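I am opening a notebook on one structure. The entries below record what I looked up and what I found.

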Amino acid sequence: MMADRRVGEPEVPVLGLLGPRTRHLLALEFGSRAEFDDPRLAWRRLFAETLGTFMLVLVAAGGGILHGQGQISLSAAVVAPGLMLMAIILFMGAVSGAHLNPGVSLAFAMRRDFPWKRLPGYVLFQLVGATLACLFLEAVFGNIQHLGATLPGPGYANWQALLMEIALTAGLVSVILGTASAAQNVGAIAALGVGGYIALAGLWSAPVSGASMNPARSFGPALVSGDWSSYWVYVVGPLTGALIAVGFAFALRGRGGDPISYAAGSGALDPGALKARQRLAQLIESGELPLSRGGGGEDAPPASTGERPPGDTPSG
């Protein structure tokens with residue numbers, strides 16, 4: 001199977017450099033190309049974001065409830081969401097990009113790794129997933145411990161929690177954007193980087209702000225418990241941190257929009273997205289495309305005949 005190519009462009013096999021086992025694993029991860037390339041099945045992205053956010057908030061808010069009841073340690077409560085996020089990224093990251101966070105979706109869109117027109121849908125279904133998780137927790141535990149809501153810790157003011165959320169989210173989104181870029185893509189190990197960051201951030205900063213870093217994670221408990229006190233901190237803080245991280249990414253790697261970043265940020269359901277990602281990765285690994293300028297987008301090869309650049313890919 002050979003990639004389409006332009007005149008004068010070297011012929012690069014799309015899957016030819018991959019062994020049978022690797023091709024089989026790709027098929028297991030991405031499913032049927034005939035189905036996943038169909039933009040009419042974009043509902044899968046929204047379902048993935050709903051399910052993923054449900055699972056993340058179930059663990060994060062549930063851990064907060066049990067810690068407040070004295071049944072688990074603070075360390076367990078803050079490490080569990082990081083481990084859950086690792087699992088979510090690994091099992092469905094290729095479908096939707098596994099954002100699970102309005103700040104992450106906004107950052108990917110600003111980096112041209114995610115279509116702006118998908119942003120409202122992603123945010124809406126992330127909030128739905130978080131709400132469903134907290135309704136489940138209320139059914140199990142009742143409306144106790146603010147249903148695991150993130151609040152400034154005892155002795156800390158809103159402004160202190162706000163500054164902490166800005167700093168923590170800037171770091172989190174920087175890790176996410178960095179491990180999704182063509183210059184630094186590390187495949188499945190990206191899940192370890194992101195999940196590890198969440199666990200580490202929570203271990204030292206949870207007593208100050210709760211280490212939310214995610215407006216959706218804070219939205220679910222606030223809505224279901226009815227406690228909106230300090231919620232603005234967990235909207236303004238993470239979104240501001242995400243914008244700062246986009247600035248960091250531009251300084252480090254230039255503009256986004258390369259095929260690997262687009263596939264990581266948007267999922268691989270669009271026509272040509274998986275093929276372009278594989279092709280660019282092969283060029284980088286073979287040394288034919290050194291990323292000497294540090295910006296994945298500048299060094300990305302032109303789209304093959306019949307394909308649109310990733311940022312312009314029609315999407316559902």
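**Entry 1: a residue in helix 3**

Is Thr53 buried or exposed? I looked up its relative accessibility, which is 1% in this predicted model. The cut-off for buried is under 20%, so Thr53 counts as buried.

I then placed Thr53 in the chain: it is found in helix 3, which covers residues 43-68. Next I listed what Thr53 touches, leaving out residues up to four places away in sequence: Leu100, Gln126, Gly129, Ala130 and Ala216. I followed up Leu100 from that list. Thr53 and Leu100 are 47 residues apart in sequence, yet their C-alpha atoms are 5.0 Å apart in space.

I also checked the length of helix 3. Its 26 residues should span 38 Å at 1.5 Å a residue, and the end C-alpha atoms are 37 Å apart, which agrees. Just after helix 3, Gly70 takes a positive phi of about 75°.

**Entry 2: the whole chain**

How many helices and strands does the chain have? I counted 13 helices and 0 strands. The chain has 316 residues, and buried residues make up 53% of them.

I looked at contacts between residues at least 6 apart in sequence. Of these, 78% join residues at least 24 apart. The accessible surface comes to about 13,700 Å², and 66% of that belongs to carbon and sulfur atoms.

I looked up the confidence scores before going on. The chain averages a pLDDT of 79, and 69% of the residues score at least 70. Which elements have the lowest and the highest mean pLDDT? The lowest is helix 13 (residues 296-299), with a mean of 37, and the highest is helix 6 (residues 119-141), with a mean of 97.

Two stretches went on my caution list. Over residues 1-18 pLDDT stays under 50, and the model has 36 contacts beyond four places in sequence for them. Over residues 28-33 pLDDT also stays under 50, with 9 such contacts. Where pLDDT is low, the predicted coordinates should not be read in detail.

**Entry 3: the nonpolar cores**

The largest nonpolar core has 37 residues. Those that touch the most other members are Ile88, Phe108, Leu168, Leu172, Val173, Leu177 and Met213. Two or more residues each come from helix 3, helix 4 (74-96), helix 5 (102-110), helix 6, helix 7 (158-179), helix 8 (189-209) and helix 10 (233-253). Helix 7 gives the largest share, 6 residues.

I took Phe108 as one case. Not counting residues up to four places away in sequence, Phe108 touches His99, Asp113, Phe114, Ile176, Leu177, Ala180 and Gly265. Ala130 was already in my notes as a contact of Thr53.

Most residues other than glycine have a negative phi.

Met213 has a positive phi of about 60° although it is not a glycine. Met213 lies in the loop between helix 8 and helix 9 (215-225). At 1% relative accessibility, Met213 counts as buried.

His146 has a positive phi of about 55° and is not a glycine either. I found His146 in the loop between helix 6 and helix 7. Its relative accessibility is 39%, so His146 counts as partly exposed.

**Entry 4: Asp227 and its contacts**

Which residues is Asp227 in contact with, leaving aside its neighbours within four places in sequence? I found His146, Leu151 and Ala222. Asp227 is in the loop between helix 9 and helix 10, and its relative accessible area of 16% makes it buried. The C-alpha atoms of Asp227 and Leu151 are separated by 9.9 Å, and the two residues are 76 apart along the chain.

**Entry 5: aromatic rings**

The count of aromatic pairs comes to 5. I looked up one of them, Phe219 and Trp228: the ring centres are 5.8 Å apart and the planes are at 65°, so the pair is edge-to-face. The cut-off for that label is over 60 degrees. Phe219 is buried, at 17% relative accessible area, whereas Trp228 is partly exposed, at 39%. Phe219, Trp228 and Tyr231 form one aromatic cluster.

How values were computed:
Residues are numbered from 1 along each chain as its sequence is written. This is a predicted model: local features need pLDDT of at least 70, side-chain atom pairs count only at pLDDT 80 or more; totals for chains, interfaces and linings use all residues. Side-chain values use heavy atoms; hydrogens and water are left out. Rings of Phe, Tyr and Trp (its six-membered ring) pair if their centres lie within 6.5 Å; planes under 30 degrees apart count as stacked, over 60 as edge-to-face and the rest as tilted. Buried means under 20% relative accessible area, exposed over 50%, partly exposed in between (1.4 Å probe, protein chains only). pLDDT is the predictor's confidence in each residue, from 0 to 100. Helices (H or I, at least four residues) and strands (E, at least two) are DSSP runs, numbered from the N terminus. Contact means heavy atoms within 4.5 Å. A nonpolar core is a set of buried Ala, Val, Leu, Ile, Met, Phe, Trp, Tyr and Cys residues joined through side-chain atoms within 4.5 Å. Accessible areas come from the Shrake-Rupley method with a 1.4 Å probe; for residues, only the protein chains shown count as cover. The expected span of a helix is 1.5 Å times one less than its number of residues.
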